[in-house]
Amino acid sequence: MRIPLLNLIYQIMMSLKRRNQVAGVELTGSKGGSETLMKRSTLRSQLILGFALVTVPLVILLIWNNMYATKVVHSQVAQSNKNMLTMYMNQIDQVLEELDKYLYRTANQDNDLISLSAFDKDNPESYYAKIRTLNAMYLNTNYYKDADVLFAYSSKYNDLLVAPQPYMNNERKESIKTRLDKLMLDSESRSTLQRSWQLIYQDNQYSLVRLVDTGYESYIGAWVDINRLMIPLNLLHLGERGQALFLSKEGTVLNALRDVEFKKSLQSIDWKMDLTEEDQPFQIVRLAEKYLLVVQPSHNADIYLSVMIPERNLLEGLTFFQRINYYVSVLALVILSIYLFFLENFILKPIARLIKGMRRIYSGDLSVRFKDDRLMEFKVIGETFNNMVTQIEVLKIDIYEEQIRTKKAELKHLQAQIHPHFFMNSLNIVYNLAQTKNFELIQQMAINLVKYFRFAIRTHLSSITLLEELDHIRSYLAVQQVRFPEHLSFHIDIAPELQSYRIPPSTIQPLVENAMIHGFSINQFQSFQISIEVRSDPDSESHIVVQVRDNGKGIPDEKLRQLQSHSYFEEEGNEHIGLWNVMRRCKLYYKSNVDIVLERAEPSGSIVTLRLPRQRSDE
């Protein structure tokens with residue numbers, strides 16, 4: 001299903017590419033490199049590219065989604081069956097461990113078993129030992145019901161004692177006894193059975209046999225049929241043709257299977273490779289169909305417990321959704337193709353005619369008119385286009401250019417405004433200090449004035465950092481402190497992360513200057529204090545707040561109401577030009593409105609709060 005779908009995508013893409021090349025030539029009408037450039041940059045080519053960018057990833061995503069869903073189903077089913085097999089194998093290992101403990105305990109502690117080879121064969125004690133050993137094994141068959149046969153053997157007298165389960169028929173009993181006779185006569189076989197549980201094939205079925213030596217020429221052992229261990233697993237519902245298997249390390253199927261054809265097909269599997277990959281939660285085995293194989297080894301015997309589940313049983317519900325995904329992909333291609341055809345005839349062609357008319361206008365032909373009545377939007381565009389062509393014959397672009405030049409000149413003019421009275425006052429202070437020969441204060445005054453006026457004459461800068469603005473204010477207030485050393489104090493606080501944010505020059509300085517001009521008064525009881533604080537806006541992460549507070553005379557009620565009204569900043573006036581200047585330049589710089597709030601401070605003074613958008617130094 002995937003290959004035909006990809007071929008269909010490829011054919012559609014090639015067809016659209018050819019149409020794009022032809023359309024590009026029709027639209028541009030140019031030659032050489034410009035024609036190639038136009039074909040790549042047309043709306044048609046971008047729509048086709050967008051068509052491909054939407055469709056191809058969608059198809060790839062759907063295919064990948066199918067593969068991922070299949071993998072998830074495999075993993076979940078494998079993990080579930082792995083847990084189930086671990087539980088069953090642990091139970092089987094527990095049975096074998098209990099039989100091992102019984103055999104070792106009996107071999108070490110049962111005196112009757114040890115005495116089987118201790119007395120002469122004709123000695124009555126030997127006879128009694130056999131009877132007691134046989135009775136004890138019959139009794140223990142009731143406790144160890146998973147053992148089909150418990151047996152004891154005297155190698156000195158070649159005497160085998162067998163205690164089978166009651167349900168076993170006589171034919172099976174004799175067959176097992178005959179096989180045990182042969183095994184016990186062979187010393188090599190006895191040595192092998194003593195090492196661990198060994199697989200024995202008898203009567204077309206496999207069994208596990210274990211033997212323990214008492215050290216006195218007598219042995220005790222157990223015989224367990226594999227098919228009996230499979231009884232709980234046969235109750236599992238593994239779906240149609242699902243199988244639970246016992247396997248040897250060579251890959252031999254140990255339990256009986258009713259499906260003969262399935263058993264034959266298992267012979268084609270390389271079981272050694274699959275059984276050694278125990279770190280993998282599952283393997284996919286290919287027979288007549290795909291099977292999910294999960295394997296769990298035994299810790300007490302060289303056997304593996306496994307389940308094989310047909311993949312089609314796992315994906316019964318998923319197959320329907322996989323087909324839907326494929327059909328959705330094809331349907332999406334068809335719908336998008338129809339949509340592209342609609343765009344071509346109802347949008348792209350009118351746009352091409354509009355572009356052609358605009359080029360004729362650019363070349364000086366103002367007689368062009370656009371008309372398209374198929375869509376209401378193009379009808380409106382046509383009317384607007386025609387009106388625009390008519391107005392171009394009357395209007396000139398120079399009007400807009402003159403407005404731009406006027407705005408730039410206005411911004412530079414506002415930025416360059418400096419109050420002359422501060423300059424005159426500063427010269428008077430220097431003169432007075434020179435008369436008193438206070439050279440240290442003259443030096444401090446000169447340094448602060450140099451910093452102040454160096455900053456003030458930099459009218460070419462459109463923005464500065466908050467740190468630079470506050471340093472300028474610090475120089476200004478230091479000059480004022482020289483004038484009023486005992487009557488003025490100030491405090492500047494800015495959050496470190498805001499120092500690099502940019503603002504228009506002289507944004508905060510006029511607010512401080514207004515506080516000095518309108519709020520300062522000499523008071524013998526307290527000094528005039530100015531506090532400047534810059535912090536992030538707690539209500540908006542995209543703004544900062546600048547607050548200038550003083551404890552001076554404050555603003556009269558009537559003037560405060562006037563300043564708090566929005567109409568005050570709409571028109572330029574002579575009073576409080578500093579505030580108007582700040583608002584005007586901030587609007588020009590940020591290209592948006594800024595907020596300024598004036599209020600009375602308690603117990604005296606005023607508070608001016610300016611709220612500005614954030615802008616970093618690297619923006």
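**Backbone geometry, burial and side-chain packing**

Pro603 is placed in the loop between strand S15 (595-600) and strand S16 (606-613), where helices (H or I, at least four residues) and strands (E, at least two) are DSSP runs numbered from the N terminus. The peptide bond that joins Glu602 and Pro603 is cis, with an omega of about 5 degrees. The structure is a predicted model, in which local features need a pLDDT of at least 70 and side-chain atom pairs count only at pLDDT 80 or more, whereas totals for chains, interfaces and linings use all residues. Residues are numbered from 1 along each chain as its sequence is written, and side-chain values use heavy atoms, with hydrogens and water left out.

The chain has 20 helices and 16 strands. Of its 619 residues, 44% are buried; buried means under 20% relative accessible area, exposed means over 50%, and partly exposed covers the range in between, as computed with a 1.4 Å probe on protein chains only. Among the contacts with a separation of 6 or more, 62% come from residues 24 or more positions apart, a contact being defined by heavy atoms within 4.5 Å.

Most residues other than glycine have a negative phi, and most peptide bonds are trans. Against that background, two further backbone positions may be noted. Asn204, in the loop between strand S3 (198-202) and S4, has a positive phi of about 60 degrees although it is not a glycine, and with a relative accessible area of 67% Asn204 is exposed. Ser506 is likewise not a glycine and has a positive phi of about 55 degrees; Ser506 belongs to the loop between strand S12 (502-503) and helix H18 (509-519), and its 19% relative accessibility means that Ser506 counts as buried.

Strand S4 (residues 205-213) contains Arg210, which counts as buried because its relative accessibility is 5%. The side chain of Arg210 is joined to that of Tyr104 by a polar contact of 2.9 Å and reaches the backbone oxygen of Leu193 at 3.4 Å. A polar contact is here a pair of N or O atoms within 3.5 Å; within protein, one atom must be able to donate a hydrogen and the other to accept it, and residues adjacent in sequence count only if both atoms are side-chain atoms. When residues up to four places away in sequence are not counted, the residues that Arg210 touches include Asp100, Leu103, Phe151, Trp197 and Ile220.

Rings of Phe, Tyr and Trp (its six-membered ring) were taken to pair if their centres lie within 6.5 Å, with planes under 30 degrees apart counted as stacked, over 60 as edge-to-face and the rest as tilted. By this rule there are seven aromatic pairs. The pair formed by Tyr201 and Tyr206 is tilted, at 4.7 Å centre to centre and 50 degrees between the planes. Tyr201 counts as partly exposed, since its relative accessibility is 40%. Elsewhere, ring pairs link Phe484, Phe520 and Phe528 into a cluster.

Strand S8 (residues 290-297) is mostly covered, as seven of its eight residues are buried. S8 runs antiparallel to strand S9 (residues 303-310), and seven bridges join the two, where strands are said to pair if DSSP finds at least two bridges between them. S8 and S9 form a hairpin with five residues between them, in which Pro297 stands opposite Tyr304 in S9.

Helix H5 (residues 124-141) has 18 residues and reaches 26 Å from its first C-alpha to its last, close to the 26 Å expected at 1.5 Å a residue; the expected span is 1.5 Å times one less than the number of residues. The buried residues of H5 are Ser126, Ala129, Lys130, Thr133, Met137, Asn140 and Thr141. These residues are on the same side of H5 because they cover an arc of only 105 degrees around the axis, the arc being that of the directions from the helix axis to the C-beta atoms. Helix H17 (residues 466-483) also has 18 residues, and its reach of 26 Å from first to last C-alpha is close to the 26 Å expected. The buried residues of H17 include Leu466, Glu469, His472, Tyr476 and Gln480. Within helix H20 (residues 577-590) lies Leu579, which counts as buried at 3% relative accessibility. Leu579 and Asn514 are 65 residues apart in sequence and 8.4 Å apart in space, C-alpha to C-alpha.
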